[in-house]
Amino acid sequence: MKKPYVAIVDDDSAFANYLRTFLSLRGYETRSYSRGDEMIAAVKQGDPPDIVLLDVMMPGMNGIETLRALKTAKPDLQVVMLSGREHASTIVEAVRLGAADYVIKPDDPEGLGEIALDAAIKNAIEKTRLVTEITELRRQLNDDQDRAFLFWGDSPDMQAIATVIEQVSDSDVTVLIRGESGVGKELVARAIHQRSSRRDRPFVKVNCAALPAELLESELFGHEKGAFTGAATTRIGKFEQADTGTIFLDEIGEMKPALQAKLLHVLQDAQFTKLGSNRAINVDVRVVAATNRDLEGMMTRGEFREDLYYRLKVIEVTVPPLRERRAEIQHLTDFFMDRYARRYNRPVRQLSPELHALFLSYEWPGNIRELENMMKRLVILQDEQLVIREIARTAKPLASFAAAGAAVLHGPIAAEPPDALEIDDEERAVTDEVPASGSRLADISKAAATKAERAIIEETLQQVRWNRRKAAEQLGVSYKTLLNKIKECGISPK
């Protein structure tokens with residue numbers, strides 16, 4: 001295993017030699033530089049160390065100037081500042097410029113200074129390791145996304161989306177991405193970012209459904225210390241983190257109207273204020289939003305601001321569900337098989353004709369996310385029969401409601417049809433719920449689908465004693481989708 005490489009930058013040769021001995025005894029490779037410009041030149045020539053121990057007080061180019069230049073040349077380089085004494089202003093400036101730590105040069109007989117220096121070096125090395133891992137994961141993620149993007153060539157609908165992405169990527173217009181849960185809306189958002197001039201800047205995702213409105217405002221815009229109970233420190237928000245990059249507002253339909261007004265202000269004026277502050281902060285952020293909600297209906301009910309809707313909908317992209325993109329299923333199964341076989345060190349295997357046929361005929365209520373989870377289980381457990389039984393189990397409960405006239409059969413396994421009397425009763429129940437005058441067949445079908453959906457959700461919840469996560473798994477939908485369905489249908493424990 002390669003030893004960590006620590007560079008020492010100090011004009012005091014005696015102290016530099018002491019540090020080299022100190023570090024060598026702890027298993028580090030070392031190299032010394034007496035001037036800051038020498039260290040900068042080494043980094044620019046492609047020989048960066050893992051850690052830099054940098055003296056603050058040096059003739060010529062001092063430690064702060066050297067730190068600034070090092071961070072410009074290699075932003076993720078971990079630098080520990082060393083000084084003979086504490087200067088508050090110097091410490092603040094060093095931290096602001098990105099120093100990993102600030103340590104007083106060891107000179108105490110108890111050895112406490114050496115302990116502090118050793119701890120600072122270990123923490124910096126751990127940060128270096130994490131940065132390296134994150135960089136590699138991001139590279140793999142971008143590679144995976146580019147590979148997934150290529151699959152769209154088999155689908156006319158996705159070809160049209162890919163064309164729009166290419167057309168809007170080089171501009172800063174807002175984009176609203178619509179579609180069912182799990183269809184790949186985030187993939188579209190990331191594709192827009194990766195093909196834009198902001199590709200090397202942050203891509204920050206915010207799930208607007210994951211936090212209550214009070215916490216979401218702090219998450220987006222940050223807060224000052226003491227802004228509310230529990231605000232012990234000042235915090236920057238996601239918009240500041242995304243400055244010069246892209247912010248992806250997922251589930252934008254879950255945002256409360258009061259917060260929508262503040263978001264509208266950011267879109268109009270490119271500035272906002274933190275909670276507990278009166279100072280305006282300017283940001284340069286591209287906004288991409290996504291939702292699976294009916295925003296037009298929400299506007300009618302006063303749940304979503306009309307002005308925000310049109311501000312977000314400069315460009316609209318609707319991602320079709322997987323059941324309408326069956327040509328992609330083969331590519332996606334191969335893609336996920338390869339990804340998780342590498343991740344979990346499992347062999348890559350070919351799907352049997354039986355499972356492949358099931359995949360092509362299954363309705364995929366959870367869309368690509370459901371397919372990905374199935375492939376992950378298949379790779380880890382290496383047992384196709386588990387996945388086949390899972391598809392059958394998901395399909396059977398829904399099939400029993402096929403007579404309601406709705407297309408709610410989630411799989412290829414059909415149930416025995418009910419007798420004529422049961423069909424007549426069901427039809428009468430549907431007719432009672434839909435006005436006869438002026439009704440269209442589509443209206444009746446929609447009402448039947450809603451009735452069937454409510455019935456299967458209620459039945460499943462009762463079977464699992466209202467364990468909603470278990471119910472979501474049995475129904476083959478995400479936990480969040482099930483919660484939305486429970487709310488929409490007005491289902492409650494009996």
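Reader: Why is lysine 313 called partly exposed?
Author: First, a word on the basis: this is a predicted model, where local features need pLDDT of at least 70, side-chain atom pairs count only at pLDDT 80 or more, and totals for chains, interfaces and linings use all residues. Residues are numbered from 1 along each chain as its sequence is written, and side-chain values use heavy atoms, with hydrogens and water left out. Now to your question: buried means under 20% relative accessible area, exposed over 50%, and partly exposed in between, with a 1.4 Å probe and protein chains only. Lysine 313 has a relative accessible area of 29%, so it is partly exposed.

Reader: What makes the contact of lysine 313 with glutamate 316 a salt bridge?
Author: The term asks for a side-chain nitrogen of Lys or Arg within 4 Å of a carboxyl oxygen of Asp or Glu. Here the N to O distance is 3.9 Å, so the pair qualifies.

Reader: How do you know that arginine 198 and aspartate 172 form a salt bridge?
Author: Their closest N and O atoms are 3.1 Å apart, so that pair also meets the cut-off. Arginine 198 lies in the loop between α7 and β7, and aspartate 172 in the loop between α6 (156–168) and β6, so the bridge ties together parts 26 residues apart in sequence. Helices (H or I, at least four residues) and strands (E, at least two) are DSSP runs, numbered from the N terminus.

Reader: Which of these two partners is buried, and why?
Author: Arginine 198 is, because its relative accessibility is 7%. Aspartate 172, at 48%, counts as partly exposed.
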